Amino acid sequence: MAAALTLAERTRGRTAPNPNVGCVIVKAGRVIGRGWTAAGGRPHAEAAALAQAGTESRGATCYVTLEPCAHVSPRGPACSDLLVAAGVMRVVGAIEDPDPRTAGAGFARLRSAGIIVDVGTGAAGARRTMAGFLTRHTLDRPFVTLKLATSLDGMIATASGQSRWITGPEARAHVHLERSRHETILVGRGTQDADAPKLDVRLRGLEDRSPRRFILSAATTGDSVIAAPDAIGDLPGDHLFVEGGAATAAAFLRHDLVDRLLLYRAPILIGGGRPAVTDVGLSDLGDAHGRWRLYDARALGSDRLEVYERAR
């Protein structure tokens with residue numbers, strides 16, 4: 001399942017409205033098929049893995065990060081039917097599909113065909129890997145990641161507004177990688193006017209994965225503008241990357257719309273600069289505790305990245 005989850009990450013942010021699923025087929029202790037949902041949503045992971053495994057699929061075990069779909073699409077057959085036809089002996093699924101067209105029906109179809117079905121292995125990892133798809137189906141909005149790049153004392157710029165560059169090249173490259181995994185990216189109007197950021201992906205080989213740009217502004221209109229954080233449900237895709245500035249970060253936090261926080265910290269002190277976040281509406285310090293859970297931490301050159309998840 002860990003291998004299947006890794007495969008699913010290959011197209012995170014590129015499969016909407018379909019989920020980014022990973023699949024591994026094993027027989028006699030040997031991997032005979034691997035697949036992941038292709039960009040654009042088809043073929044599905046199971047179809048790709050079965051195509052690679054061929055006739056060896058009969059009697060094999062299929063590890064898949066999401067319940068195999070049960071509905072036939074104009075773009076392809078149901079994966080649960082493909083697994084039945086291939087003669088697999090066992091399916092290990094991480095989580096159930098929240099899509100009402102499948103939602104348990106895929107696992108039921110497999111069981112009715114005599115296939116052993118186990119559910120729950122790798123569930124936490126699957127929910128994290130497919131957070132965009134799951135958030136869209138359960139909350140009717142994209143999964144939101146907020147990125148902050150600060151000094152040790154929480155500043156994003158000097159008092160005069162100088163901000164390039166607080167973090168080093170390794171951290172900035174990681175930000176570009178994160179951008180490539182999101183369909184949309186957003187900054188506030190103040191940041192757009194002051195810095196005119198490109199917000200694209202400038203990593204070799206990933207240039208075509210730049211997300212679509214949006215601006216948060218109540219005073220501007222247009223196809224690339226949203227008036228308030230709670231309007232993100234209308235944005236395309238399942239993953240939104242919020243890059244700033246301080247007022248925009250605070251607005252999303254105030255609306256409790258941040259699901260994941262990327263905190264890049266440089267080993268510098270600014271003092272008297274511009275803080276990363278303005279007022280988030282906190283009136284009692286006790287309410288600030290227990291909201292964020294550290295998931296990952298690593299060094300990026302001389303900087304440090306900490307990844308936090310909203311504890312819901």
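1. In this predicted model, helix H3 spans residues 79–86, and Cys-79, Ser-80, Leu-83 and Ala-86 are its buried positions. Viewed down the axis of H3, the buried residues fall within an arc of 130 degrees, so they line one face of the helix. The general rule is that an α-helix has 3.6 residues a turn, so residues three or four places apart point the same way.

2. Just after H3 comes Gly-87, whose phi is positive, at about 80 degrees.

3. The UniProt record, an unreviewed entry, places the feature "domain: CMP/dCMP-type deaminase" at residues 1–118. Over residues 1–118 the chain is 27% helix and 20% strand, with the end C-alpha atoms 12 Å apart.

4. Ala-28 is in the loop between E1 and strand E2 (30–36), and Leu-199 is in the loop between helix H8 (189–195) and E9. Is each of these residues buried or exposed? Ala-28 is exposed, because its relative accessible area of 83% is over the 50% cut-off. Leu-199 is buried, because its relative accessible area of 2% is under the 20% cut-off.

5. Arg-212 is located in strand E9 (residues 212–216) and counts as partly exposed, at 45% relative accessibility. Leaving aside residues up to four places away in sequence, Arg-212 touches Glu-183, Thr-184, Ile-185, Asp-223 and Pro-236. Arg-212 and Pro-17 are separated by 195 residues in sequence, and their C-alpha atoms are 16 Å apart in space.

6. Val-280, Leu-282 and Leu-285 make a nonpolar surface patch of about 260 Å². Within this group, Leu-282 lies in the loop between strand E13 (274–275) and strand E14 (292–300). Leu-282 has a relative accessible area of 42% and is therefore partly exposed.

Methods. Residues are numbered from 1 along each chain as its sequence is written. This is a predicted model: local features need pLDDT of at least 70, side-chain atom pairs count only at pLDDT 80 or more; totals for chains, interfaces and linings use all residues. Side-chain values use heavy atoms; hydrogens and water are left out. UniProt positions are given in the numbering used here, feature names are shortened, and annotations may be inferred rather than shown by experiment. Helices (H or I, at least four residues) and strands (E, at least two) are DSSP runs, numbered from the N terminus. Patches are made of residues with over 30% relative accessible area and no salt bridge: like charges are joined within 9 Å, nonpolar side chains (Val, Leu, Ile, Met, Phe, Trp, Tyr) within 5 Å. Accessible areas come from the Shrake-Rupley method with a 1.4 Å probe; for residues, only the protein chains shown count as cover. A salt bridge is a side-chain nitrogen of Lys or Arg within 4 Å of a carboxyl oxygen of Asp or Glu. Buried means under 20% relative accessible area, exposed over 50%, partly exposed in between (1.4 Å probe, protein chains only). The arc is that of the directions from the helix axis to the C-beta atoms. Contact means heavy atoms within 4.5 Å.
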